[in-house]
Amino acid sequence: MSGFEARDNAQQVNIAGDHTGDITLAGVCETSPPRPVVTAALRRDVVTFLGRDRELARILAVVGPGRMVSIHTIDGMAGVGKTALAVRAAHELRPRFPDGQYFVELHAHTPGQPPADPSDVLAGLLGGLGIDPRYLPDTLAGRRDMWRDRLSGRRVLLVLDDARDHAQIEPLLPGGRECLTLVTSRRRLIALDEALPLALEVLDPGPAIDLFTRLANRAPATNTDQVAVAELVRLCGYLPLAIVLLAGRLAHHATWSLTGLADQFAAATDRLTELQAGNRAVRAAFTVSYQSLTLRQQRVFRRLGLHPGPHIDAEAVAALADLPLLAAREELEALYTDHLIDEIVPGRYRLHDLLRVYTLTLTRDDPASENNQALGRLLDYYQSTALIADRWLACRTCPTVATPLPPSLTPEFGDEIQAMAWMRLERANLLACLEYIALHQPSRMVRLTELLAGLLERDGPWPLAEQLHQRAAEAAEQLGKQAAHASALDDLGTIKWRSGDFEQAANLHQRALAIFRETGNRLGQANALNNLGLLRRTTGDPVQAVDLHQRALAIFRETGNCLGQGKALNSLGNVHLLIGEYGRAAHLYKQALTIFQKIGNCFGRASTLNNLALLHQDAGEYGEAADLFKQALMIYQVTGNRLGEANSFNNLGLVCRDTGDYAQAADLSRQALTIFQETGNRHGQAGALNSLGNVSWYIGKNEQAIYLYEQALTIFRELGDCVGEADILTNLGLVHRDIGELRQAANLHQQALAIHRDVGCRLGEAHALTNLGDVCRATGEYPRGADLYEQALTIFQELGNRAGEAEVLNGTGGLLLATGAPERALVMFTDAFALARDINSPLEQAHALEGTARCQARLGDTAMPCLREAIEIYRRIGAPETDKAVAFLAELESCSSQDG
């Protein structure tokens with residue numbers, strides 16, 4: 001007997017082989033023949049079961065002594081392999097359930113067949129246990145109770161395949177925990193109490209490739225074939241059913257090649273047509289799921305296919321489907337429950353690639369006007385929300401007219417963090433919308449590109465930002481939109497500046513400024529002027545930079561634009577910091593900080609805090625500088641501003657270097673360099689390389705320092721940053737001095753001095769004079785050295801730079817000691833030590849202590865206490881001066897022992 005057909009068209013039970021047994025039923029006629037008993041009715045296991053080891057192990061793990069799980073559900077989209085996993089698990093578990101293993105098809109999604117009635121299913125199952133159909137109860141409850149009674153005390157495994165819902169399943173469940181039920185469904189069976197759910201995803205790429213090659217009987221012979229197979233399974237969305245059908249087609253076409261099929265499948269306008277074989281088809285599987293939806297759910301599902309981006313949330317669905325927000329959430333949850341969409345993060349969903357193809361085939365039957373209106377509502381939502389977010393994020397106020405906002409759906413943001421979080425979350429969707437409207441609505445594309453300028457400037461990648469702003473500029477020019485054209489040019493210039501193309505950036509800002517002047521757009525003029533000022537400062541023209549920033553500031557004040565005022569004040573402060581006017585810089589920074597705090601602009605506040613920290617650092621106030629850098633870093637990290645974070649890391653590294661924590665300094669600069677490299681910021685890379693070179697030089701690794709400095713010098717010269725170039729020349733000169741190449745050192749310091757004087761950087765000039773004085777002291781040119789030190793000391797004192805002042809005093813003390821004036825030298829070292837201690841500069845403290853010890857030794861006083869203290873500091877900070885000081889101490893100790 002190969003099967004048993006239950007009464008009243010009940011669900012047929014699949015039976016693998018004849019199985020008979022005795023069963024005693026009260027009231028059965030003695031002459032009735034014994035009925036066959038079915039105990040092994042599992043579906044045939046598949047040989048090509050791949051890529052589900054983890055899921056299979058999870059099912060098997062819960063079936064053992066003392067187990068608490070008696071129901072295990074496997075849910076997933078159509079064609080994902082739920083049945084294959086349940087069957088494989090059932091075969092693995094067979095020995096543990098000797099009293100019977102049953103497979104029941106519930107037909108929730110069988111084309112042309114209604115879902116199985118649980119009453120009919122029970123009739124078939126009870127018949128399989130040997131019960132005469134004449135004695136079956138007439139009611140569902142009666143059959144359910146008889147089924148559970150017959151299974152009482154038995155260990156039975158039941159597979160319920162393609163279940164519709166809880167109501168269909170519940171009557172079929174055994175009553176005892178000795179039994180195990182595996183349920184497969186396209187729906188998430190949320191109402192099924194005590195069930196352990198397993199949501200089955202598509203295959204990983206590796207197992208998907210293995211499945212395809214096995215079923216196609218084609219082992220890739222070349223790298224080209226391997227690439228073709230990888231592309232085929234990717235185009236199948238790694239869906240097992242699609243892979244099986246496509247591989248099966250290939251297996252029966254010996255003349256087809258892997259590469260040929262890959263090209264054909266990629267070019268197919270309707271891939272679903274390619275994925276069918278007889279009654280098995282991906283489209284048919286999807287259609288049954290679609291037809292089970294309500295009319296509104298079907299409409300929402302079709303609209304999802306119109307979305308240009310990779311994922312969607314309830315707000316966007318509400319716009320697409322013209323629904324209230326609550327209704328959109330409900331319909332998304334329903335589609336998620338039916339495995340027609342995946343939830344990638346809470347509240348955000350996506351369509352499987354083949355389901356997206358399927359939705360597009362459905363939307364073709366909708367009126368084009370309805371589809372266009374749905375897309376228009378979606379684009380309005382994204383553009384309006386981006387406008388609100390941009391008001392928090394913009395580095396400048398957009399000079400074009402704002403788009404009117406719809407009254408509903410558009411969210412409000414409480415701060416920049418919320419606005420940036422939304423922008424970053426929707427980044428892929430916004431960029432996808434840009435690509436769509438670039439072909440269909442160029443005017444809207446220009447506006448949306450402008451609204452994304454703040455995000456693109458902060459997050460990049462800058463090559464992509466350049467392409468987008470260039471396209472917007474060209475489109476705006478063709479459309480005759482002058483303000484939008486100028487704004488796009490200005491945005492493009494900012495990205496060119498960020499990328500280090502200063503010449504092109506200047507040209508773009510000038511073009512933008514000219515158009516803004518022609519059209520009388522005052523806000524646009526101010527933006528362009530301020531951007532030109534940033535360029536002039538970077539390229540070493542502080543006088544012109546001050547003029548440009550002041551002109552921009554005047555317009556921003558005239559138009560009442562607070563964001564622009566804060567930015568212009570901050571930029572002006574940077575120029576005054578560069579030329580050493582610390583008091584003026586501090587005043588400007590404080591004004592900018594007040595404005596940014598008033599308007600709640602944390603990005604501007606972080607930038608200003610960072611600049612104030614640089615001012616304190618230049619003045620040798622390292623504690624205050626570190627505190628301000630940390631405040632800025634915290635803002636950058638909370639808001640996810642990686643460029644600002646990198647700058648803060650590098651600046652904190654400089655403070656650690658100046659206070660002798662070289663290991664931490666190197667670590668911070670390396671973190672900064674990594675971020676600059678990842679974001680493509682070459683200017684930042686050069687600065688971080690310079691900082692790492694400083695640490696290497698400080699700890700005596702001169703060759704490594706030279707290598708790092710030369711890398712930085714190349715970048716600064718390519719960018720045209722003369723201030724950065726001068727800094728590197730200075731540092732290279734210091735290394736060459738230390739290794740005894742004094743002529744080369746003098747030449748490098750002289751070049752640096754010329755650049756600093758040319759751009760009016762007084763702080764850089766003072767450092768260059770000090771360094772040249774050190775070289776003169778080493779070469780015995782004492783009168784010239786003394787003159788250079790005096791010039792440097794005057795500048796440092798005028799600037800209030802106490803760190804530089806301490807360095808010059810130590811240098812002058814060394815020169816006086818070398819010329820036979822230890823008493824005067826001792827005064828210099830004493831003053832240097834007091835300054836270095838006040839500003840917490842351990843290196844200059846150690847220099848002063850060592851100089852003091854040498855003066856004391858020359859004067860016949862006790863020198864060893866001061867020298868030991870200097871050595872202790874040298875050792876603590878890992879300074880290369882340690883060995884020389886230790887040798888001097890040994891010399892003093894030797895002399896002392898001889899005298900004793």
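In what order do the strands of the six-stranded open sheet follow one another, and is the pairing parallel or antiparallel? The legends below take up this sheet and then other sites of the predicted model. The model is predicted, with residues numbered from 1 along each chain as its sequence is written, and local features need pLDDT of at least 70, side-chain atom pairs count only at pLDDT 80 or more, while totals for chains, interfaces and linings use all residues. Side-chain values use heavy atoms, with hydrogens and water left out.

View 1. The strands follow the order β3-β5-β6-β7-β4-β8, and their pairing is parallel; helices (H or I, at least four residues) and strands (E, at least two) are DSSP runs numbered from the N terminus, and two strands pair if DSSP finds at least two bridges between them. At the edges stand β3 (40-41) and β8 (196-199), each of which pairs on one side only. Strand β4 (residues 71-75) is joined to strand β7 (residues 180-185) by five bridges in the parallel sense, and within this pair Ile74 stands opposite Thr184 in β7. Helix α2 lies across β4, β5 (101-105), β6, β7 and β8 and runs at about 165 degrees to β7; contact here means heavy atoms within 4.5 Å, and the axes are lines fitted to C-alpha atoms, for helices over the stretch in contact, with angles that run from 0 to 180 degrees between N-to-C directions.

**View 2. Leu158 in strand β6.** Leu158 is found in strand β6, and it is classed as buried because its relative accessible area is 0%, where buried means under 20% relative accessible area, exposed over 50% and partly exposed in between (1.4 Å probe, protein chains only). Leaving aside residues up to four places away in sequence, Leu158 touches Tyr102, Val104, Leu125, Trp147, Leu172, Pro174, Leu180, Thr181 and Leu182. Leu158 and Asn647 are 489 residues apart in sequence, and their C-alpha atoms are 63 Å apart in space.

**View 3. His91 in helix α2.** His91 is found in helix α2 (residues 82-93), and it counts as partly exposed because its relative accessibility is 25%. Residues up to four places away in sequence not being counted, His91 touches Leu42, Arg43, Arg44 and Asp45. Between the C-alpha atoms of His91 and Gln101, which are 10 residues apart along the chain, the separation is 8.9 Å.

**View 4. The second largest pocket.** About 1300 Å³ of space lies in the second largest pocket, to which α2, β6 (157-163), α6 (205-216), α8 (240-251), β10 (280-281) and α11 (282-291) each give two or more lining residues. On a 1 Å grid over the protein atoms alone, a pocket is an open set of points with protein on both sides within 12 Å along at least five of seven lines, whereas a cavity is a set of points where a 1.4 Å probe fits but cannot get out; lining residues have an atom within 4 Å of a point. Grid points are joined across faces, edges and corners, and a volume is the space filled by probe spheres set on the points. Of the 37 residues that line this pocket, Arg43, Gly79, Thr83, Leu241 and Arg280 lie nearest its centre. Helix α2 gives the most to the lining, with five residues. The lining divides into 17 nonpolar, nine polar and 11 charged residues, with Ala, Val, Leu, Ile, Met, Phe, Trp, Tyr, Cys and Pro counted as nonpolar, Asp, Glu, Lys and Arg as charged, and the others, Gly among them, as polar.

View 5. Two bridges join β11 to strand β13 (residues 348-350), and Ile312 stands opposite Tyr349 in β13.

View 6. The structure holds eight cavities of 30 Å³ or more, and the second largest cavity has a volume of about 60 Å³. Among the residues that line the second largest cavity are Ile312 and Tyr349, along with Leu304, His307 and Arg356. Its lining divides into six nonpolar, three polar and two charged residues.

**View 7. Two loop residues with positive phi.** Most residues other than glycine have a negative phi. Tyr238, in the loop between α7 (223-235) and α8, has a positive phi near 60 degrees. His339, in the loop between α14 and β12, has a positive phi near 60 degrees, and His339 is buried, with a relative accessible area of 4%.
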